[in-house]
Every structure is written in C-alpha cells, then in structure tokens.
Amino acid sequence: VVLDHSYDVVARLANKHPGKDIIGCREALISTNNVINSGTLLLRNTPWMREFLDAWMKQPDALIGAPDQHTFDMLWAADHLGVQGKTALLPANEFNSEPPFFE
C-alpha cells in the first residue's frame, strides 16, 4: 500500500462543506432505512455539535439501548436543533466501505 501523506482528506472534506458540523456518508445497505452511516463521522468541535451529541445520547430510545443510527434518524426526522442544515450527507462510498467489502 502506498499512501500520499500530503493529501489531507479530513481537511479537504471540511473545507468542501463549510458550515456543516456533521459530515457523513449515506447508509449503503438498502435493507435499512437509516439516513446516515454513523460508523464513521467527521464532527466539528462546536457548541452546536456538543449540544446535538448530548441530545443524541439522551434521546429516549438511546437510553433504552436503541442503536445510534436509529436514534440519529429520529432526531433527523424531527430536524432536532436544525440537524438537517448542519449535516453534509455524502454518497455511501465517499469514505465508508460499501458491501460486499465488509460482508
């Protein structure tokens, strides 16, 4: 494997999506109804992001053990704290693996 260490993918994505506090990929599995694949997310360290993370972890379904993608989707559907406007949803394969890689 040869890597180009001068290429900063995180900085590139952050600069490409100014004003977005969450950068994530769409869910690759068609069999789910999830909006985002929360396995890998880029999160800006902002007051809004910290408030959203607190709400996400305290979402009632999360408190009884629901998966994080499910609870994110509930907050997304309600546009809690304006999450839809603060999120850049990228194609499923932008920086996450698509099946069958992980199957």
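Colleague: How many helices and strands does the protein have?

Modeller: This is a predicted model, and its secondary structure comes to five helices and three strands.

Colleague: In what order do the elements run from the N terminus on?

Modeller: The order is α-β-β-α-α-α-α-β.

Colleague: Do β1 and β3 pair in the parallel or the antiparallel sense?

Modeller: Parallel, over four bridges, with β1 covering residues 22-26. As an example, Cys25 has Leu90 in β3 as its bridge partner.

Colleague: What about α2 and α4 together, at what angle do they pack?

Modeller: About 115°, and their axes are 9 Å apart. The crossing is right-handed. On the α2 side the contact is made by Phe52, Ala55 and Trp56, and on the α4 side by Asp68, Thr71, Phe72 and Leu75.

Colleague: Changing topic. Which residues make up the largest nonpolar core?

Modeller: There are 12 residues in all, among them Ile22, Val35, Ile36, Trp48, Phe52, Trp56, Phe72 and Trp76. The elements giving two or more residues to this core are β2, α2 and α4.

Colleague: Which element gives the most?

Modeller: That is α2, with four residues.

Colleague: Take Val35, then. What is it in contact with, leaving aside neighbours within four places in sequence?

Modeller: Val35 is in contact with Cys25, Arg26, Glu27, Asp73, Trp76 and Leu89. There is also a second, separate core of five residues, and Cys25 is one of them.

Colleague: Now Gln69. Where does it lie, and is it buried or exposed?

Modeller: Gln69 lies in helix α4. It counts as buried because its relative accessibility is 15%, and the cut-off for buried is under 20%.

Colleague: What does its side chain reach?

Modeller: The side chain of Gln69 reaches the backbone nitrogen of Ser38 at 3.1 Å. Not counting residues up to four places away in sequence, Gln69 touches Glu27, Asn34, Ile36, Asn37, Ser38 and Gly39.

Colleague: And Thr87, is that one buried or exposed?

Modeller: Thr87, which is found in strand β3, counts as buried at 6% relative accessibility. Its side chain reaches the backbone oxygen of Val83 at 2.7 Å.

Colleague: Which residues does Thr87 touch, not counting those up to four places away in sequence?

Modeller: They are Lys20, Ile22, Ile36, Phe72 and Trp76.

Colleague: Last one, for the whole protein. What percentage of the residues count as buried?

Modeller: Of the 103 residues, 32% count as buried. As for contacts between residues at least 6 apart in sequence, 60% join residues at least 24 apart.

Methods: Residues are numbered from 1 along each chain as its sequence is written. This is a predicted model: local features need pLDDT of at least 70, side-chain atom pairs count only at pLDDT 80 or more; totals for chains, interfaces and linings use all residues. Side-chain values use heavy atoms; hydrogens and water are left out. Two strands pair if DSSP finds at least two bridges between them. Buried means under 20% relative accessible area, exposed over 50%, partly exposed in between (1.4 Å probe, protein chains only). A polar contact is a pair of N or O atoms within 3.5 Å; within protein, one must be able to donate a hydrogen and the other to accept it, and residues adjacent in sequence count only if both atoms are side-chain atoms. Contact means heavy atoms within 4.5 Å. A nonpolar core is a set of buried Ala, Val, Leu, Ile, Met, Phe, Trp, Tyr and Cys residues joined through side-chain atoms within 4.5 Å. Axes are lines fitted to C-alpha atoms, for helices over the stretch in contact, and angles run from 0 to 180 degrees between N-to-C directions. A crossing is left-handed if the near helix is turned anticlockwise from the far one by less than a right angle, and right-handed if clockwise.
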